[in-house]
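Here are my notes from a first pass through the model. Have it open while you read, and tell me where you disagree.

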Amino acid sequence: MNDLAWYSSVVVLPPKEHWQVFTEIMTKHHNPTTNRVPYPHLTIQAPFVTEEHFSRAREDIYNIIKEAHIHPFQMTLDTFRLRENKRSISLCITGQSQPPESFPMLSNLIQNFYSNTKELN
């Protein structure tokens, strides 16, 4: 499992009951050429493994979370910023996790685990 693709990402999603307020904002500002619903998420790893490796990646990430004793955590979103991509601009919302180390720890562990992978061209 050493190939990564830009069409695949690891993200943290809020509970579905909180999606509506995000999707209302994002739909108004979403790139119309993007072929997916503008769901609220925090990106942890992009690019990520190709689809044939999803089952293995799910097991790996489950084990990472279990071994690090990471429990469900709260996020407080506090900052809006614009991020320029190659062909567009994305609206990004950043925040803080409670406990504060939860999201950074999760992100770092997953990124480090997949640091030996190579990006697909």
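**Notes on the predicted model**

1. Confidence first: mean pLDDT for the chain is 84, with 89% of residues reaching 70 or more. pLDDT is the predictor's own confidence in each residue, on a scale from 0 to 100. Where pLDDT is low, the predicted coordinates should not be read in detail.

2. Some housekeeping. Since this is a predicted model, local features need pLDDT of at least 70 and side-chain atom pairs count only at 80 or more, while totals for chains, interfaces and linings use all residues. Numbering starts from 1 along each chain as its sequence is written, and side-chain values use heavy atoms, with hydrogens and water left out. Helices (H or I, at least four residues) and strands (E, at least two) are DSSP runs, numbered from the N terminus.

3. Have a look at the hairpin: E5 and E6 form one, with four residues between them. Strands E5 (residues 74-84) and E6 (residues 89-98) run antiparallel and are joined by ten bridges; for strands to pair, DSSP must find at least two bridges between them.

4. Helix H1 (19-29), E5 and E6 each give two or more residues to the patch.

5. How many salt bridges does a search of the whole structure find? One, taking a side-chain nitrogen of Lys or Arg within 4 Å of a carboxyl oxygen of Asp or Glu. Aspartate 60 forms it with arginine 56, the closest N and O atoms being 3.2 Å apart. Both sit in helix H2, four residues apart, about one turn. Aspartate 60 is buried at 9% relative accessibility, whereas arginine 56 is partly exposed at 49% (buried is under 20%, exposed over 50%, partly exposed in between; 1.4 Å probe, protein chains only).

6. Finally, backbone spots to check. Alanine 46 and proline 47 are joined by a cis peptide bond, as are glutamine 98 and proline 99. Histidine 69 has a positive phi, near 55°, and is exposed at 60%.
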